[in-house]
Amino acid sequence: MMTGHRVGLLALAGLLTGPALAQGPAQSPMLAPPENHYFVSKGSWGQTYPDQWALPRIGFDTSPQSAWRLVRKNAQPVIVAIIDTGLDWNHRSIDSDKLWRNPKEIPDNGIDDDNNGYIDDVIGWDFLKSDPKPWDHDGHGTFVAGIIAGDWNDETGIAGINPFARLMILKGLNNFGHTRSSFISEAVAYAADHGARVINLSLGGKEISPVEQAAIDYAFGKGAVIVVAAGNEGVDVSKFSITSSDKVLVVATTDMDDKRAVFSNWGKVSVAAPGLDILSLRARRTDTMLGIEGVKYTAGTAYVGDDKRYYRASGTSFSAPMVSGLASLMIANDPGLTNKQVMAIIKSTARDVGTPGVDQYTGYGIIDAAAALKAPKDYLLAAGIERVEVVQTGGKQAVRVLGTADANALKSARIEIGQGDAPSSWKQVGTARKTAGPDGNLGEIPATAFQGGKVWQIRVLVEHTSGATREARFKLNLG
Ligand SMILES: [Ca+2]
Ligand SMILES: [Ca+2]
Ligand SMILES: [Ca+2]
């Protein structure tokens, strides 16, 4: 009787509150931050900072404002393809339920059940050996996998960023940087064809050839967010096709002081994420740092833990999966987000560091997970100066500024100039036109504005109706 009575009351309550609930967002419990050993510990290898210092730096902490608390507990699984050296799927921080399963493929029967051209491809594929078991003999791929999906239930281990990630393991590298572009192209196409919403390519922007560009375009067209490491050569990568593409997020590395790591490539960087002394998983019988060219490293010194199943490493390879982790968490929380929206939000909400404004070393800045997860679907706040050119308008000389000034809710966009390398004051010289860039015409500055100085900074300052601003600068040397 009591039960019946209760149901009656609940039904009545439902009737009374029904219409109001239907208009608002569904109420759902939110995620609580993980409590894994290495997530809450510090000094495990004698260092002063937390073992997983990078996570709180991008918003994944234990505070009431933690980015994880913005994610629904019943968020949707999301497929993340990791194109790398494979995976040690026996690692205790890898939950086998968190691996993608090809739904129509029956394992180990020697038959290509889903007729996709790959026999027994259940969790992914080894493109090097044409084999369905993409085991990791190097360690690089397992390390990347741990950053994205280290198992929260393994209390003794690390915390991955996204407990809703389902990892598709596509082995396209022998060890770091050693591959053929055809393998990468094939793996990217495989990921896109099998539902990957995020594709992590910790290969280095320089390593990706034009052959792969077609595959990138294809995957982008299918809706994937493609995340690429900027690479570790400390060079300008803007001339390499992949990083020039607006279809990928190119990720640079920052250190404990939020400064660009010296090895981090630069040029067309989208955003930055921590990538120095990162803790993640060690694949069985591997010592990844030994295989990385140009890195001074003594065998075994990066092992962490009594069982040596954890590992420390540095590189843009490990910044990229922070961004992939965030992108996939955003999609898990709101599966209706498009790849373009995810990319725009991640850039637009990044925390500006280094040179004020969007810059070639850290792009829009360090990713801010809480801001990204809070942002409206169509959030956009973009600024950029691609180049300037001297033009004649109305018989007078002027400097035309080409680039980006865009927002989903634009309040204002200004073109300003200031004298010297680091101007102490700015003078508005015009209103910037709204343009999605990169070659949009923002406006012209009369040449007379540059009197009395040789070195100038031109900046475009874009203001969102929310009050947030984004700027980009360009150095003009008239000397
Ligand atoms: Ca198959
Ligand atoms: Ca089969
Ligand atoms: Ca900056």
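1. Let's start with the calcium ion (ligand 1): its six donor atoms subtend angles of 74 to 161°, so the arrangement is irregular. Six donors count as octahedral if opposite donors are over 155 degrees apart and all others between 65 and 115, and anything else that is neither tetrahedral nor square planar is irregular. The protein donors are Glu 105 (OE), Asp 112 (OD), Asp 114 (OD), Asn 116 (OD1), Tyr 118 (O) and Asp 121 (OD), 2.2 to 2.4 Å from the ion. Donors here are N, O and S atoms within 2.8 Å of the metal (3.2 Å for Na, K and Ca), with water not among the atoms.

2. A caveat on the model: it is predicted, local features need pLDDT of at least 70, and side-chain atom pairs count only at pLDDT 80 or more. Residues are numbered from 1 along each chain, ligands from 1 in the order written, and side-chain values use heavy atoms.

3. Glu 105 also turns up at the calcium ion (ligand 2), alongside Ile 106 (O), Asn 109 (OD1), Ile 111 (O), Asp 113 (OD) and Asp 120 (OD), at 2.2 to 2.3 Å. That site is octahedral, with angles of 73 to 176°. Asp 120 is buried at 10% relative accessibility (buried is under 20%, exposed over 50%, partly exposed in between; 1.4 Å probe, protein chains only), while Asp 113 is partly exposed at 28%.

4. The calcium ion (ligand 3) is held by Asp 352 (OD), Val 353 (O), Thr 355 (O), Gly 357 (O) and Asp 359 (OD), at 2.2 to 2.3 Å. Asp 352 is partly exposed at 35%, but Asp 359 is buried at 11%.

Conventions
Tetrahedral: all angles 85-135°; square planar, octahedral: opposite > 155°, others 65-115°.
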